[in-house]
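Have a look at the structure first, then read on.

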Amino acid sequence: KQWYQRRVRGTVMCLVASVVVTVFAEESPRYLVINGEKEAALEVMTKISRTNNKPMLEGEMIVSVEECGSYSAVFQQPYRKTSIVLTVMFICHTWLAYSLLYL
């Protein structure tokens with residue numbers, strides 16, 4: 001019975017984290033630009049600049065198609081924090097999916 005209670009608590013924590021992230025997370029401006037949604041990307045960038053109390057950058061948003069990197073670069077600065085958060089979110093979503101499936 002104790003293992004079941006732990007699994008339920010873990011499932012509830014992951015469900016809460018998933019809902020919070022889904023509600024408050026913005027789509028990446030880079031992703032929006034790649035998919036041709038420059039206006040939406042500009043809105044997200046404006047919101048980010050207001051949140052950080054920084055002026056909006058001047059210029060046109062472009063994405064280089066030739067960008068490439070390695071998997072190890074994802075866990076180095078300045079991407080380390082974001083990569084860790086996304087990894088934890090993935091684990092929570094996976095835990096949630098399997099917990100709901102087998103409850």
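Which residues of α1 are buried?

1. They are Gly10, Thr11, Cys14 and Ser18. Keep in mind that this is a predicted model. Helix α1 itself runs over residues 2–24, and its 23 residues reach 33 Å from first C-alpha to last, close to the 33 Å expected.

2. Next, α3. This helix has 14 residues and spans 20 Å between its first and last C-alpha, close to the 20 Å expected at 1.5 Å a residue. Its buried residues are Ala41, Val44 and Ser49. Looking down the axis of α3, you'll find them within an arc of 135°, so they line one face of the helix.

3. What do the buried residues of α3 pack against? That would be α2 (29–34). On the other side of α3 sit Glu39, Glu43 and Arg50, which are exposed. Just after the helix, Asn53 takes a positive phi of about 55°.

4. Ser83 counts as buried because its relative accessible area is 6%, under the 20% cut-off. Setting aside neighbours within four places in sequence, Ser83 is in contact with Val74 and Phe75.

5. Ser70 sits in the loop between α3 (38–51) and α4 (80–101). Is Ser70 buried or partly exposed? Partly exposed: its relative accessible area is 40%, so it falls between the 20% and 50% cut-offs. The C-alpha atoms of Ser70 and Met56 are separated by 30 Å, with the two residues 14 apart along the chain.

Note on methods:
Residues numbered from 1 in each chain as written. Predicted model: local features only at pLDDT ≥ 70, side-chain atom pairs only at ≥ 80, totals over all residues. Heavy atoms only, no water. Helix = DSSP H or I, 4+ residues; strand = E, 2+ residues; numbered from the N terminus. Expected span 1.5 Å × (residues − 1). Buried < 20%, exposed > 50% of the residue type's maximum accessible area, 1.4 Å probe, protein only. Contact = heavy atoms within 4.5 Å. Arc of directions from axis to C-beta.
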